[in-house]
Amino acid sequence: MYGQYPRITHLIFDMDGLLLNTEQLHLAASNMLLAKYGKTLPLSLKARTSGRTSLESAKLVVEELRLPLRAEQYVQSLFGFQKELWRDTAFMPGAERLLGHVFRSRLPAALATSIVKPSLERKTVAPSVHALFDKFPVTVCGDDPEVRGRGKPAPDLFLVAARRLNAQPSQCLVFEDSPAGVQA
């Protein structure tokens with residue numbers, strides 16, 4: 001049965017909620033912002049925004065909660081709250097050990113995340129996090145020009161990562177935790 005499947009030779013990792021424990025920090029930042037409007041982020045809506053680009057997520061939140069601002073304004077305001085919280089970013093249980101094994105084994109691996117590059121830099125500022133994330137030979141963010149602003153559930157992030165790893169998509173195993181990312 002193994003013979004009918006392509007051999008997996010490359011790995012692609014999502015980041016938020018999979019490698020880094022940022023989901024609760026994101027929820028806290030969202031609720032800090034939404035408190036200004038007398039609202040909170042329902043977990044059902046949070047789940048629908050997970051894995052999408054910041055702008056796509058903001059459009060959903062602004063529309064669903066009928067906020068008196070544009071999606072771009074929501075993103076900028078949210079970044080202000082997130083900036084303070086990201087200093088507390090830590091690895092998900094087992095993630096640091098897994099990445100250590102991947103890099104020691106010299107397995108070709110990429111990081112593919114819907115977030116924009118400045119957010120990636122803020123979330124990986126802790127020395128232990130930065131040291132491991134710096135070892136990814138390929139990193140693709142949601143604001144990468146080749147992704148063309150198409151976040152998950154579009155597969156563009158993963159396809160760009162596979163190409164930059166010089167791999168066929170069928171040779172890649174993608175580690176993903178969000179419904180939109182699994183769909184991609």
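**Helix H4**

I began with helix H4, which has 15 residues and reaches 21 Å from its first C-alpha to its last, close to the 21 Å expected at 1.5 Å a residue; the expected span is 1.5 Å times one less than the number of residues in the helix. I am working from a predicted model, in which local features need pLDDT of at least 70 and side-chain atom pairs count only at pLDDT 80 or more, while totals for chains, interfaces and linings use all residues. Residues are numbered from 1 along each chain as its sequence is written, and side-chain values use heavy atoms, with hydrogens and water left out. Helices (H or I, at least four residues) and strands (E, at least two) are DSSP runs, numbered from the N terminus.

I then listed the buried residues of H4, which are Ala71, Tyr74, Val75, Leu78, Phe79, Gln82 and Leu85; buried means under 20% relative accessible area, exposed over 50%, and partly exposed in between, with a 1.4 Å probe and protein chains only. These buried residues of H4 pack against H1, H3 and helix H6 (117–123), where contact means heavy atoms within 4.5 Å.

I picked out Leu78 of helix H4, which counts as buried at 7% relative accessibility. Leaving aside neighbours within four places in sequence, I found Leu78 in contact with His26, Ala29, Ser30 and Leu33. The C-alpha atoms of Leu78 and Ile8, 70 residues apart along the chain, are separated by 38 Å.

**H3 against H4**

I looked up the crossing of helix H3 (residues 54–64) with helix H4 (residues 71–85), and their axes come within 8 Å and cross at roughly 110 degrees. That makes H3 roughly perpendicular to H4. Axes here are lines fitted to C-alpha atoms, for helices over the stretch in contact, and angles run from 0 to 180 degrees between N-to-C directions; angles of 65 to 115 count as roughly perpendicular, under 35 as roughly parallel, over 145 as roughly antiparallel and the rest as oblique.

On the H3 side I noted Ser54, Leu55, Ala58, Lys59, Val61 and Val62 as making the contact, and on the H4 side Ala71, Glu72, Tyr74, Val75 and Phe79. The residues of this contact divide into eight nonpolar, one polar and two charged, with Ala, Val, Leu, Ile, Met, Phe, Trp, Tyr, Cys and Pro counted as nonpolar, Asp, Glu, Lys and Arg as charged, and the others, Gly among them, as polar.

**Helix H1 and Thr49 of H2**

I turned to helix H1 (residues 23–35), whose 13 residues reach 18 Å from first C-alpha to last, close to the 18 Å expected at 1.5 Å a residue. I recorded Leu25, His26, Leu27, Ala29, Ser30, Leu33 and Leu34 as the buried residues of H1, and what covers them includes helix H2 (43–49), H3 and H4.

In helix H2 I checked Thr49, which counts as buried at 5% relative accessibility. Its side chain reaches the backbone oxygen of Lys46 at 2.8 Å. Beyond neighbours within four places in sequence, Thr49 is in contact with Ser57, Leu60 and Val61.

Most residues other than glycine have a negative phi. Arg106 is found in the loop between helix H5 (95–104) and strand E2 (109–113) and is exposed, with a relative accessible area of 74%.

In helix H7 (residues 127–133) I looked at Leu132, which counts as buried at 10% relative accessibility. Leaving aside neighbours within four places in sequence, Leu132 is in contact with Phe91, Glu96, Leu99, Gly100 and Phe103. The C-alpha atoms of Leu132 and Phe103, 29 residues apart along the chain, are separated by 8.5 Å.

In helix H8 I checked Asp156, which counts as buried at 7% relative accessibility and touches Val147, Arg148 and Arg150, not counting residues up to four places away in sequence. Leu159 is also in helix H8 and is partly exposed, with a relative accessible area of 41%; Leu159 and Ala112 are 47 residues apart in sequence and 9.5 Å apart in space, C-alpha to C-alpha.

Note on methods
A polar contact is a pair of N or O atoms within 3.5 Å; within protein, one must be able to donate a hydrogen and the other to accept it, and residues adjacent in sequence count only if both atoms are side-chain atoms.
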